[in-house]
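Let's take a friendly walk through a protein model, from its strands to its pocket. Please keep the picture beside you as you read.

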Amino acid sequence: AINDINPQAPVHVLVIPEHHVDTFRDVSAFGDDEAARMLAFVAETAARVGLEDYRVVVNVGPGGGQTVFHLHWHILGGRPMGERL
């Protein structure tokens, strides 16, 4: 997990799996145990950075805003939704 270089919220962390797939469309390449561990790590990361309420976002494909073609999750929090930075 790393901090996003262009944060869209006061807390904006990226969770990047070691196992490479280009996009969320390819998530079936992960085994059930690996997928469960990744989702648990997303939740653990949010807690570790002090978030109780947050959003988890995955951009899928260029039309969905994906610019980095390695599956990753955005954890965003630190302010109520709709409130400006």
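Contact means heavy atoms within 4.5 Å. Keep that cut-off in mind, as it returns below.

## About the model

This is a predicted model, in which local features need pLDDT of at least 70 and side-chain atom pairs count only at pLDDT 80 or more, while totals for chains, interfaces and linings use all residues. Residues are numbered from 1 along each chain as its sequence is written, and side-chain values use heavy atoms, with hydrogens and water left out.

## The sheet

Let's begin with the strands. Helices (H or I, at least four residues) and strands (E, at least two) are DSSP runs, numbered from the N terminus. Two strands pair if DSSP finds at least two bridges between them. Here, four strands form an open sheet in the order β1-β2-β4-β3, with antiparallel pairing. β1 (2–3) and β3 are the edge strands, each pairing on one side only.

Two bridges join β1 to β2 in the antiparallel sense, and Ile 2 has Leu 14 as its bridge partner in β2. Between β2 (residues 11–15) and β4 there are five bridges, and these strands also run antiparallel. Val 15 is opposite Trp 73 in β4, and Leu 14 is opposite His 74 in β4. Finally, β3 and β4 are antiparallel and share four bridges; Arg 55 has Leu 76 as its partner in β4.

How many residues of β2 are buried? The term buried means under 20% relative accessible area, exposed means over 50%, and partly exposed is in between (1.4 Å probe, protein chains only). In β2, five of its five residues are buried. Val 11, Val 13 and Val 15 point one way, His 12 and Leu 14 point the other way, and all are buried. In a regular strand the side chains alternate between the two faces of the sheet.

β4 is mostly covered too, with five of its five residues buried. Trp 73, Ile 75 and Gly 77 lie on one side of β4, His 74 and Leu 76 lie on the other, and all are buried.

Leaving aside neighbours within four places in sequence, Asn 3 is in contact with His 12 and Val 13. Asn 3 and Pro 17 are 14 residues apart in sequence, and their C-alpha atoms are 14 Å apart in space.

His 12 lies in strand β2. With a relative accessible area of 6%, His 12 is buried. Not counting residues up to four places away in sequence, His 12 touches Ile 2, Asn 3, Asp 4, Asn 6, Pro 7, His 74, Ile 75 and Leu 76. A polar contact is a pair of N or O atoms within 3.5 Å; within protein, one must be able to donate a hydrogen and the other to accept it, and residues adjacent in sequence count only if both atoms are side-chain atoms. The side chains of His 12 and His 74 make such a contact at 2.8 Å.

## His 70, His 20 and Asp 22

Two loop residues come next. His 70 sits in the loop between β3 (54–57) and β4 (73–77), and counts as buried because its relative accessibility is 18%. Beyond its neighbours within four places in sequence, His 70 is in contact with Ile 16, Pro 17, Glu 18, His 19, His 20, Val 21 and Asp 22.

Asp 22 is found in the loop between β2 and α1 (32–48). Its relative accessibility is 39%, so Asp 22 counts as partly exposed. Apart from neighbours within four places in sequence, Asp 22 is in contact with Gln 66, Phe 69, His 70 and Leu 71. Which side chain makes a polar contact with the side chain of Asp 22? That partner is His 20, at 2.8 Å. The side chain of His 20 also makes a polar contact with the side chain of His 70, at 2.5 Å.

## The largest pocket

Rolling a probe the size of a water molecule over the atoms shows where empty space is left. On a 1 Å grid over the protein atoms alone, a pocket is an open set of points where a 1.4 Å probe fits, with protein on both sides within 12 Å along at least five of seven lines; lining residues have an atom within 4 Å of a point. Grid points are joined across faces, edges and corners, and a volume is the space filled by probe spheres set on the points.

The largest pocket has a volume of about 220 Å³. Of its 14 lining residues, Leu 14, Thr 67, Val 68, His 72 and His 74 are the closest to the centre.
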